[in-house]
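Please look at the structure below and get your bearings. A short report on its side chains follows.

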Amino acid sequence: MQLGRFDTLAGRLLALQLLVHAILPPALFLGLDAVIRAGVGRAFTEQTRAYARSLVSELQQGDIVESPTRTVLFLDEIVQGGRARYAAIDVNGRLLGSTIAETPGDVRRRPSEEAFGASDDNLFAMAMPIHRGTVTGTLYLGFDERPALEQVRGMRRSILVVLAVYVLASLASAVLLARLISRPLTRLQQAAEVVASGDPRVR
């Protein structure tokens, strides 16, 4: 009996296993990948929002925005802390940026909050309004998405390894089961053919 031929019982059982594994693991991977990406993206977004809100609260309660020098120092501290790749404030129409990191030229045209993983430059851009007395403005922040995206890629690699081990183990089990199931049934079929040919001695 050759398992490579799918016109045998063992071949059909093996073909069924191959069909199941051609559909199930990819679908499982895509589903898990979507769940992981959504979970990491949600955690990253919530953390950056909370951090941005704390900065806005500090700006609105203090007198930082009333002095351009203190404003720039405040922005430099944000970038030096490593939480943001750029920081800028639009105060009454005047844009002030950190001296440590370059402010993107399109910072005013970016949406108030970009979707996680949607930008080509791996930046999660946010724009938070600021109101303090007669001062109105916007705090622009760009957060580095690369650590979170690397976390997603690491989890994705782990899933691929687990699925690969599962598929290999399942296919090996399928080959073994195909042999164990098909061998006695094939013998029974051969014995039935001999009995049908007129030889009653075959059991």
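Keep in mind that the model is predicted.

## Aromatic pairs

How many aromatic pairs does a search of the whole structure find? It finds 3. Start with Phe44 and Phe116. Their ring centres are 5.4 Å apart, and the planes make an angle of 50°. That pair is tilted. Phe44 belongs to helix α1, which covers residues 9-61. Phe116 sits in the loop between β2 (94-97) and β3 (123-132). The two residues are 72 apart in sequence, so their pairing ties together separate parts of the chain.

Next come Tyr51 and Phe143. The ring centres of Tyr51 and Phe143 lie 6.1 Å apart. Their planes meet at 75°, so this pair is edge-to-face. Here too, distant parts of the chain are linked. Tyr51 is in helix α1, and Phe143 is in strand β4 (residues 135-144). They are 92 residues apart. Tyr51 is buried, with a relative accessible area of 16%. Phe143 is buried too, with 2%.

The charged end of Arg83 sits over the Tyr51 ring, 4.1 Å from the ring centre.

One more residue joins the picture around Phe44. Ring pairs link Phe44, Phe116 and Phe124 into a cluster.

## Salt bridges

How many salt bridges does the structure hold? It holds 12. The table gives some of them.

| Residues | N to O distance |
|---|---|
| Arg132 and Glu66 | 3.1 Å |
| Asp144 and Arg85 | 3.4 Å |
| Arg110 and Asp106 | 3.4 Å |

Take Arg132 and Glu66, whose salt bridge has its closest N and O atoms 3.1 Å apart. This pair links distant parts of the chain. Arg132 is in strand β3, while Glu66 is in the loop between α1 and α2 (68-80). The separation is 66 residues. Arg132 is partly exposed, with a relative accessible area of 22%. Glu66 is partly exposed too, at 48%.

Asp144 and Arg85 meet in a salt bridge through their side chains. Asp144 lies in strand β4, and Arg85 lies in the loop between α2 and β1 (86-91). They are 59 residues apart in sequence, so the pair ties those parts together. Arg85 counts as partly exposed, at 31% relative accessibility.

Within it, Arg110 is buried, with a relative accessible area of 14%. Asp106 is partly exposed, with 29%.

## The nonpolar core

Now turn to the largest nonpolar core. It has 41 residues. Which of them touch the most other members? They are Leu59, Ile78, Leu139, Leu141 and Phe143. Phe143 is also the edge-to-face partner of Tyr51.

The core draws on several elements. α1, α2, β1, β3, β4 and α3 (146-196) each give two or more residues. The largest share comes from α1, with 9 residues.

Leu141 shows how this works for a single side chain. Leave aside neighbours within four places in sequence. Leu141 is then in contact with Ala52, Leu55, Ile78, Tyr86, Ala87, Phe124, Ala125 and Met126. Among these contacts is Phe124, which is part of the ring cluster with Phe44 and Phe116.

## Helix α2

Helix α2 has 13 residues. From first C-alpha to last, α2 reaches 18 Å. That is close to the 18 Å expected at 1.5 Å a residue.

Which residues of α2 are buried? They are Thr71, Val72, Phe74, Leu75, Asp76, Ile78 and Val79. One of them, Ile78, is in the group of core residues that touch the most other members. After α2 comes Gly82, which has a positive phi, near 85°.

The last stop is Asp33, placed in helix α1. Asp33 is buried, with a relative accessible area of 15%. Not counting residues up to four places away in sequence, Asp33 touches Val152 and Arg156.

How values were computed: Residues are numbered from 1 along each chain as its sequence is written. This is a predicted model: local features need pLDDT of at least 70, side-chain atom pairs count only at pLDDT 80 or more; totals for chains, interfaces and linings use all residues. Side-chain values use heavy atoms; hydrogens and water are left out. Rings of Phe, Tyr and Trp (its six-membered ring) pair if their centres lie within 6.5 Å; planes under 30 degrees apart count as stacked, over 60 as edge-to-face and the rest as tilted. Helices (H or I, at least four residues) and strands (E, at least two) are DSSP runs, numbered from the N terminus. Buried means under 20% relative accessible area, exposed over 50%, partly exposed in between (1.4 Å probe, protein chains only). A charge sits over a ring if NZ of Lys or CZ of Arg is within 6 Å of the ring centre and within 35 degrees of the ring normal. A salt bridge is a side-chain nitrogen of Lys or Arg within 4 Å of a carboxyl oxygen of Asp or Glu. A nonpolar core is a set of buried Ala, Val, Leu, Ile, Met, Phe, Trp, Tyr and Cys residues joined through side-chain atoms within 4.5 Å. Contact means heavy atoms within 4.5 Å. The expected span of a helix is 1.5 Å times one less than its number of residues.
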